[in-house]
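Please open the structure in a viewer and keep the sequence at hand.

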Amino acid sequence: MTGRPTSTLRDGARTAPRRARLKPTNIWFALPAMAFVGLFFVVPLALNLPLSFSSWTTYRSEIVWNGFSNFSLLHGQGYLINAIWVTLAYSVVAMLVQNVVSLSLAYALRDSTLLNGFFRSLFFLPVLISPLAAGYVWRGILDPAGPLNAFISMFWPGFDFAWLGNITTALPAVAFVDAWKWIGLTTLVYIAGINSVPREVNEAAYIDGANAWQAFWRVTFPMLAPAFTFNVVVTLIGAFSAFDVIQAMTGGGPGAATRSINVLLRIQWGLGNFGAGSALGLIITVMVIVAAVPLVAWLRRREV
Amino acid sequence: MITKMQCATAVAAVVGLALGTSGAAQAEGLKLTVWHNTQDTPAVLGLYKAYEEHSGNTIELVDIPADDFQATTLTKWASGDRPDILEYFPNLANLDRLNPSQNLIDLSDEDFVGRSAIYDLGGRASDGKVYAAITTFPETWGLYYNKQVLADHELEPATTFEEVMAQCAVLSKAGITTLHQAGGSSWPVYATPLVYASGVTEPGWVDDVIAQKARFDDLDSPWVLAMQAWIDMKDAGCYNSDMTTATFEQSTNAVYAGEAAYQMIHSNIAAVYLDAAGGDADALDAAVGFVGVGATEPKTVMNAGPIGSFMAPKTGDDAQEAAALDFIRFVTGEGYPDYIQASGTFPIQDGVPAPDASQLLKDIKAAYDKGPRVILINQNVPGGDGNGLQVVSELSVGQLTPVEAGGQLQQGVAAAAQALGLPGW
């Protein structure tokens, strides 16, 4: 073995992770992934770019350059800013809920016991459910005549609230369901991260007088940084593309309360406004790049 | 400038050369591709079979899911793909989206056009031509009502929204929902202002909008008046408390069960009422009736739906196009009487006998015959079937005022008019 460790701790000093060089032989291993990404992501994105600035509708056969008309149309109708705001709010809520809950779960289920194995499987089950199916199930649960209100009514007789019919609660409700759907996956990543922290480090912290919270916050959590980076970025960027859960639960309503960019994209597509739909696709791409690149750079700097 | 047709033609030429086939060489035994709605009734499906037996041609059905019918059809259409027969919305707003003068065979001179009055009110594109053969009784919009609820409160079925509003005062006191709304299904909420606006639209208003002499957000525009009326009824407590989440099936059940007096929706939902009655047509007839409704005076608002409305796209293959026309002539001619009997709905062509029908369907037919008939307002405006659903949804939860909502609708029409290249836009 000729390679050096990718990160080192020398004399307690923190060093940045060393960037691994791509050897010529490694390129062959990367080639399938690069081809896949190129074919299914880069090429469609490149093709989408000119379409975003074109008049592409079902009304006419010609696709002609129209500058920023698609963007100004969406803005003029009051849809664009609202959709961006809804997407951002949805993503932040989903990301926060998902990471806080899954980190807690991971800490509780970190030991590989039979019981923990059962619960890890249980919490992973929603990941395997179709997002549309999950959305329809939760739509039923959150219905004014559904089981959640029935449960609350046991303690608060006559309780009647339309969780998905209220413009204040609809967005957090669908974001919560998105978080619930994916918590099992992020929990597994955190469990792997927690179990990779050497026990000796934690034991040393306890010997030095740290309590459980201090040991977690000062020792375990910093060493979880790679898992934290992965989960935060994946959950946030994944939620930017939210569509299926929202479509199943609210269809973007009530009003425009949950009309995310992708829901709006589908509406435009359904009306035959393909240029406007392409413009919305471009906006999501830009949002992902603008959010992901600095976020990853910032989080990677924190990694030990 | 790229054209989708150029791309499609080039691809078709390459494929044609590669396969070395010629559809035009075949005179019979052709296979016709039909893009059809998965909600096609057994009678419509039977019509395809009848044509196969009549012609010797075969029909290949391509399912378009009813839930996403418009979007799926337009997406396939935009890819340059073309069926031999297209089942789709036959109104101006939707026909224009297909760029019909370039993509559809003109059916204006076909015999069936002269045998049906439906083309006097709609069923034509912006250029005034007929591109769709309508075979099914049009969707007739009005109020389904619970007979017992109205009788208990000594009320007659309302024929105007003014009467609905007046009855709301009585019914609300009795704890009964006057007009059940279904925001959970989105489009039923759109129905109420749509029908109201259709009822107050003056002749020529649409032409004035296209000529830019009138706007959707004018204070006296039919849309602003309709949306204000919708809000007034909401403020008066005429709607159900779960109006933002209820589905139209829940509305149907509520009216059938007597928990609500009225549901504002179209005639095709009669089948859902039959489901609510457990398939018991007599029980349904005893409980529920139907009446046409106007804004301030009785009217019957109607439009032709997609089920059983057929178009013949230009495919560039003479034999296929001729067979497609043969299909259209069959379903509007020789095959039509049998189709009407099988469907249990009423004919829209003169001289075709009507089948036996339930009382509820007779109510619907009576409303249609009584009129005066007006076309659903969004059907005859370019882009008029566009963002209305979203706009009314926002209006319903207070995110837009009626004038703001009218402004958004105006922008949708403007975008469509520009895409169509209408003069002055």
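Is B:Gln212 buried, partly exposed or exposed? With a relative accessibility of 43%, B:Gln212 counts as partly exposed (buried is under 20% relative accessible area, exposed over 50%, partly exposed in between, with a 1.4 Å probe and protein chains only).

Before the next selection, some conventions are needed. This is a predicted model, in which local features need pLDDT of at least 70 and side-chain atom pairs count only at pLDDT 80 or more, while totals for chains, interfaces and linings use all residues. Residues are numbered from 1 along each chain as its sequence is written, chains are lettered from A and ligands numbered from 1 in the order in which they are written, and side-chain values use heavy atoms, with hydrogens and water left out.

**The loop around B:Gln212**

Stay with B:Gln212, which is in the loop between H11 and H12 of chain B (helices are DSSP runs of H or I with at least four residues, strands are runs of E with at least two, and both are numbered from the N terminus). Its phi is near 60°, a positive value in a residue other than glycine. Next select B:Ser221, in the loop between helix H11 (205-210) and H12 of chain B. B:Ser221 is buried, at 1% relative accessibility. Apart from neighbours within four places in sequence, B:Ser221 is in contact (heavy atoms within 4.5 Å) with B:Trp205, B:Arg215 and B:Phe216.

**The disulfide**

Select B:Cys168 and B:Cys238, which form a disulfide with sulfur atoms 2.1 Å apart (the cut-off for a pair of cysteine sulfur atoms is within 2.5 Å). A search of the whole structure finds one disulfide over all chains. B:Cys168 belongs to helix H9 (residues 161-173) of chain B and B:Cys238 to the loop between helix H12 (222-235) and helix H13 (248-257), so the pair ties together parts that are 70 residues apart in sequence. The torsion about the S-S bond is about -110°, so the disulfide is left-handed. B:Cys168 is buried at 2% relative accessible area, and B:Cys238 is buried at 0%.

**Two cis peptide bonds**

Select A:Gly253 and A:Pro254: the peptide bond between them is cis, with omega near -5°. A:Pro254 is in the loop between helix H11 (244-249) and H12 of chain A. In chain B, the bond from B:Gly371 to B:Pro372 is cis, with omega near -5°. B:Pro372 is in the loop between helix H18 (359-370) and strand S12 (373-375).

**Where the chains meet**

Now display both chains. The contact takes 34 residues from chain A and 40 residues from chain B. The area buried between them is about 3000 Å², with 52% given by carbon and sulfur atoms (buried area is the accessible area, with a 1.4 Å probe, that two parts lose on being put together, summed over both).

Which residues form a salt bridge here? Select A:Arg259 and B:Glu394, whose closest N and O atoms are 2.9 Å apart (a salt bridge is a side-chain nitrogen of Lys or Arg within 4 Å of a carboxyl oxygen of Asp or Glu). Strand S4 (62-65), helix H2 (69-76) and helix H12 (261-270) of chain A each supply at least two residues of the side of chain A that touches chain B. The largest share of that side, four residues, comes from H12(A).
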